[in-house]
Amino acid sequence: MKLLKTFVILVLIVAIFGGAMFALNLYTGPIIAKNSAGAANDRLNSVMAGGAAYEDITATLSDLPATVTAVHKETSGLGYVIEATATSDYTGGAPMDILIGVDSTGVICGIQLVSHSESLIFGADYPSTYIGKDSALAGVELYAGSTFSSTAFKDSVSAALNALAANNLIAAGVKGDDQILTEMIPTVAPGFTKLLEETASGNIQKAFQAENGAGFAYIMTAGEKSYLAVVNAMGACKVYDTEGNDVTADNAALADEAKTDAAAKQAAYLDPFKSKIEKMMEGAADITPITLDTFNSVVSAASFTFEGATYYAFYSRSVGFHQMDIYFIIDANGAITKMDAKQFIFEEEYFMAFGGMDVTAYKDGFVGITGDTFTGEEVIIATATMTSNAVKQATEDTFDAFNALKGGAQ
Amino acid sequence: MKKGTKTSYLLKGTPSILLVLGAGFVMASSTDIRAALGMGAAVLIAMLLSSIVISALHKIIPAYAKLPAYLMIITGFVSLISMFMQAHFPNVVEMLGVHLATLAVSAVVYRDAEEVADHNGEATSIKTALVTGIFFTVVMVVCALIREFFGAATFWGKPIAFMQDYKISAIAGAFGGYLVLAIVMAIINKITKLHHHLDEEEEN
């Protein structure tokens, strides 16, 4: 009887409160749902002024890039809001979250960097430079000082808009030859960091110098056509048409004009590099400069003999937290014999762990590594991700240069 | 009040014990005055309603079923309050986060139900719940005022221009929360002459 009474009391309590919650939910449920929808709309309206309501159309779209996480259609026809992510090559961890508003004509009407974990990020005003642009993103520059994060941001925005265009939701923007060729530079000359515009003359319509001194890029015209010419720090030149084809052989005059302009402006790396080789390998003889048509971070290369054997030296100017100067000496079999850098860590008070770093052991860790055995683990400096990445790029570029040399691309 | 009648720590002159029992939600809700007022109202209403119901039912609920019964009553009221606040004060609910739901298992509310409402009639239970709820609200608002002003340089979420260069972010965080709560408890102890009270008890 006592048990039954307890049971009845507990059931009654549950029933009364269950009923009360049910009744209250009839009143609060619609209000809570409206509040939730309003909160979601507020977020989307931050890039789409005046948006009334949104419909998630992600599932209806095809071939969306992995960086596009959701696409919302504004139901009154104002346009679309895209939720996208971007991950830079350097930080590579948690992605940036981006909100992009695109009006019905395909023009960006609002854009926001919602969150990020980048160690170096562009200024708060940078996203607003995308407003008013179509999917061509003509005139949108990378952000000086945080090239990697702004590149990832721009690539993500471009991919998102192109995806909408591919699904016939907006009209695709049209790129001019000038823009197509300028955007080609990172592909054909990946070692050219931030491009600084130089004065142009003759057939050169636009001239750029890589900030790391790895070379020059030129937008040139010959008759009705436009071309991209790239000249590396060793003096090698390649000419590309707007389709990305290597047309150097057919445009020797343009190549010569580009090389002449570059030679007048190019910093002289060879003499100091020769001195560096002599310091690294005391007794090095017959130091002979090599011209390679690689367009990565390697700015100078030379062969020399030491104790009767032939060696190759490479000088890379990859960029980490700051500009780096990294040197490798490789034997005839492609194994690193010595590695050195002018400076590994530039802000020692920032990189606390550097105090415990054994620089000699770090450099010795590269000895014997070949292009085939290099894993990337060898470059890691604790707490200095950007410097580690710069050393990794320099090592990979050096092996690429060595392979080009052995492949006869001299 | 009759000697031996169980009542609130507050009415017995030992409010700091009560504050320690409720330190969790005081800390969580004293980062912003709006959150403090919201949590204060939730604590007050939850204690008041559960005290009324428990003091009315305590005689018919068997002793061994009191724990689940009282917990269900408190949880039920906290859920109803939470639903109401979600509808009308969604920003406050967002600020309070999970701490609003954990009010259902708060030692302050359960202790009030078990030791006050379970041993007294409605009048005493209501009085205790009102006094305790108002006390917590005042403490949380005072703590929030200090933490907002000195920790976040804001008032009611709005920036205070002249404080922006002088704010101490740690005060808005957990460390500052404990520090501010400790200072407030010390002031309350001084006012209520806690030490004198304890000395008197020891002498008796």
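**Exercise 1.** Which residues of the largest nonpolar core touch the most other members?

Solution. The model is predicted, so that local features need pLDDT of at least 70 and side-chain atom pairs count only at pLDDT 80 or more, whereas totals for chains, interfaces and linings use all residues. Residues are numbered from 1 along each chain as its sequence is written, while chains are lettered from A and ligands numbered from 1 in the order in which they are written.

Begin with the term: a nonpolar core is a set of buried Ala, Val, Leu, Ile, Met, Phe, Trp, Tyr and Cys residues joined through C-beta atoms within 7 Å, where buried means 20 or more other C-beta atoms within 10 Å of the residue's own, exposed means 12 or fewer, partly exposed is in between, and C-beta atoms are placed from the backbone. Among the 60 residues of the largest such core, Ala217(A), Ala229(A) and Ala313(A) touch the most other members. Next, helix H7 (residues 385-406) of chain A gives the most to this core, six residues, helices being DSSP runs of H or I with at least four residues and strands runs of E with at least two, numbered from the N terminus. Finally, this core lies between domain 2 (177-265) and domain 3 (270-406) of chain A, because both give residues to it; the domain bounds come from an automatic or database domain assignment.

**Exercise 2.** Is Asp125(A) buried or exposed?

Solution. First locate Asp125(A) in the loop between strand E5 (108-115) and helix H2 (147-166) of chain A. Then count neighbours: Asp125(A) has 8 C-beta neighbours inside 10 Å and therefore counts as exposed.
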